[in-house]
Amino acid sequence: MADTQTMADTQSITYNAAMGQALVEAMREDDSIFVLGQGVATGGWFGAEKGLADEFGTDRVIDSNISEAFEAGLAAGAAIAGMKPVINMGFGDFALIAGDEIFHKLAKWRYMHGLNVPMTAVIIFPIGTMNGAGPEHSSCTEVLGMHFPGLKVVVPSTAADAKGLMCAALREPNPVLFHSVNTLSFQRGDVPTGSDHFVPIGKACVRRPGSSATLLTYGSMVEPSLQAAGQLAGEGIDLEVIDLRSLVPIDWPLILDSVRRTNRAMVVHEAMKTAGPGAEIAAHIQEQAFFDLESPVLRVAGKDVPLPQHGALEALCIPSVAEIVAAGRQLCLG
Amino acid sequence: MNDQHPGKNPGGPAPDSDLLKRMYQRMALTRAIEQCMAQHVRNNRFSGWWHPGEGQEAAGIGASAAMRRDDYLFYQGRGCSWAIGKGMAPGPILGDLLGKPSGSTGGKGGGVPHWVDYAIGVMGEGATLGSVYPLAAGAALAAKQRGTDQVALANFGDGTAARGTFHETLVHAAAWKLPLIYFCENNEWLVGTPLKQVSPTENIADYAAGYHIPGVVVDGQDAQAVYTATAEAIERARAGEGPTLIEAKVFRKHGHYAGDPQHYRAPDYLDAYRDPLALLAARLDEDEASALWAQAEAEVASAYQAAMAEDDPAPDTIFKDLYYG
């Protein structure tokens with residue numbers, strides 16, 4: 001993963017702090033970037049914006065009311081007026097409150113007006129379960145961005161990628177839905193220092209090379225997938241684990257190269273199974289590489305239910321390491 | 001700020017005669033496009049969604065005349081007075097309406113108009129009606145952050161003042177004193193529903209009180225009155241005093257869309273109609289007004305012919321402008 005491992009110095013910081021570091025460094029270089037959301041000036045709900053208001057003041061780090069549609073619409077308007085808004089929406093679930101503003105205005109404004117102009121806007125959606133946050137604060141909504149052309153969609157799985165993808169998103173001339181993973185918020189990782197740590201949007205990476213089958217995953221499921229691959233290695237099953245990192249654009253060349261080599265594929269994500277990202281990925285693989293496949297493409301995904309408030313029930317709804325292991329065996333042993 | 005009721009002579013500075021002529025010239029262009037489109041719909045069973053604005057020209061022309069070239073305009077979808085008023089030529093407007101490459105959107109504009117010209121602050125339209133409030137606030141915030149004295153104007157119809165984002169945006173714009181003008185064209189109809197059936201207030205401008213900002217009612221058939229009210233609001237916004245909600249009482253002369261049989265309206269509803277062009281023409285030299293009208297008709301006829309002679313957009317248009325770069 002040449003693009004995530006640089007020769008630069010690294011420091012151990014959390015995933016959210018890494019996002020915040022990318023923001024700070026970009027804001028120092030670019031006056032047109034501002035941050036707006038609920039509580040961002042007081043450090044953000046999950047700490048990603050900690051210290052921003054101290055350095056940049058409340059003209060550039062702006063607390064709003066509880067008003068997601070306004071926040072996302074403001075981002076669209078500020079972006080077409082040449083600013084680079086960063087909006088923390090609090091939870092991915094709230095994308096639906098701002099549906100018109102995100103999926104019509106941010107996604108379509110430039111297209112429907114026939115404009116070939118840059119439009120930078122980063123909408124942060126913290127997604128996924130966090131031990132009982134309940135059905136309206138736990139959703140994985142990243143598939144929505146895949147269905148409305150005009151947006152880019154990223155989901156970092158490490159602290160280094162959280163910074164690298166944020167650095168890229170802040171310089172991207174298209175609106176980016178930036179999905180941060182709730183369970184990773186406070187996970188530490190070695191993160192390159194400096195403002196030039198870019199993880200290109202649209203590039204996946206191989207987290208574990210392997211030859212038996214290709215496991216495609218992203219976000220919260222990268223670590224469980226690597227654990228499952230470690231277990232299966234003891235059984236002679238050598239999984240290649242690919243972290244997609246971006247869902248729009250999606251790195252089809254890397255995916256198809258791997259599948260054509262291993263001849264087997266499975267997709268693992270926390271998002272619900274039906275019409276989730278895995279459905280598109282599996283369909284695309286069978287369209288493009290059907291005759292390279294030894295086995296049907298499998299999906300291990302969240303149950304098709306609203307997520308329970310009770311932590312133990314919630315755990316039953318998202319893929320476990322054991323389920324990924326079982327699917328790996330099914331995929332390779334039939 | 002005192003309310004200004006329909007029919008009352010507007011206070012404040014009167015526009016000079018050059019300004020009156022310019023407003024009349026742009027109202028004439030707008031009217032000529034209206035008449036051209038009406039004819040086009042009849043002759044061609046036009047499949048676009050044209051929402052006629054004939055009779056409503058004074059509001060958009062009067063208000064945009066008070067705006068500067070670099071002020072941001074977000075408009076609603078009835079008629080074309082705002083785009084003309086902000087300085088767009090009939091050619092690209094008709095090109096958009098007829099779906100031709102010469103349209104400002106390169107053939108994507110259509111009948112729920114998405115014409116655009118960033119160089120003169122025509123920022124576009126949201127066809128999910130009543131959706132531009134937060135976008136205009138974003139542009140206003142951009143101006144404030146850059147320290148320019150630009151303002152943003154969100155134009156909308158009375159039917160969309162119930163939108164959540166109408167209120168969400170006003171809360172923030174008022175609290176942050178954004179240079180934002182809310183400009184309502186109240187034609188008293190939400191498609192076929194009378195506003196009074198669904199509104200708790202007589203005036204849309206009455207909502208302003210709840211946000212501690214000025215609310216102004218103005219005769220929307222009188223371009224001069226509209227100009228004066230808008231100029232005052234813009235002056236306040238440029239001075240950092242925050243938003244104003246202006247409500248222009250206008251008259252919807254035609255149906256919601258071209259072809260609407262309007263069974264829901266009284267047969268004699270046109271008795272109350274006052275033609276905004278006649279109203280302004282009475283303040284101009286008669287020969288001058290006639291000459292401006294003839295010029296507008298000729299300009300629009302020629303733009304229409306040019307657009308009709310064009311080929312349709314190339315098929316690869318569908319993949320253009322989805323992503324930048």
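The model is predicted: local features need pLDDT of at least 70, side-chain atom pairs count only at pLDDT 80 or more, and totals for chains, interfaces and linings use all residues. Residues are numbered from 1 along each chain as its sequence is written, chains are lettered from A and ligands numbered from 1 in the order in which they are written, and side-chain values use heavy atoms, with hydrogens and water left out.

Start where the chains meet. On chain B, 39 residues are in contact with 42 residues of chain A; contact means heavy atoms within 4.5 Å. The size of an interface is often given as the accessible area lost when the parts come together. Here the area buried is about 3,200 Å², and carbon and sulfur atoms give 65% of that. Buried area is the accessible area (1.4 Å probe) that two parts lose on being put together, summed over both. The count of residue pairs in polar contact between chain B and chain A is 16, both residues being at pLDDT 80 or more. A polar contact is a pair of N or O atoms within 3.5 Å; within protein, one must be able to donate a hydrogen and the other to accept it, and residues adjacent in sequence count only if both atoms are side-chain atoms. Salt bridges across this interface number zero. For these, a side-chain nitrogen of Lys or Arg must lie within 4 Å of a carboxyl oxygen of Asp or Glu.

On the chain B side, α5(B) gives the most, with nine residues. Helices (H or I, at least four residues) and strands (E, at least two) are DSSP runs, numbered from the N terminus.

Now look inside chain B. Helix α4 (residues 90-97) has six of its eight residues buried, so the rest of the structure largely encloses it. Buried means under 20% relative accessible area, exposed over 50%, partly exposed in between (1.4 Å probe, protein chains only). B:Pro90, B:Ile93 and B:Leu94 are among the buried residues. Their cover includes α1 (17-44), α3 (81-86) and α10 (286-308) of chain B. After α4(B) comes B:Gly99, with a positive phi near 70°.

Helix α1 of chain B also holds B:Arg31. This arginine counts as buried, at 6% relative accessibility. Its side chain makes a polar contact of 2.9 Å with that of B:Asp275. A network of salt bridges links B:Arg31, B:Glu54, B:Glu57, B:Lys253 and B:Asp275.

Chain A has its own covered strand. In β14 (residues 298-302), four of the five residues are buried. Strand β13 (residues 265-272) of chain A runs parallel to β14(A), and four bridges join them. Two strands pair if DSSP finds at least two bridges between them. A:Val268 stands opposite A:Val300 in β14(A).

Finally, the salt bridges. Over all chains there are 30. In one of them, the side chains of A:Arg245 and A:Asp161 meet at 3.5 Å, N to O. These two residues are 84 apart and link distant parts of the chain. Both A:Arg245 and A:Asp161 are buried.

In chain B, the closest N and O atoms of B:Arg283 and B:Asp222 are 2.9 Å apart. B:Arg283 lies in the loop between α9 (276-281) and α10, and B:Asp222 in the loop between β7 (215-219) and α8 (223-238), so the pair ties together parts 61 residues apart in sequence. B:Arg283 is partly exposed at 35% relative accessibility, whereas B:Asp222 is buried at 6%.
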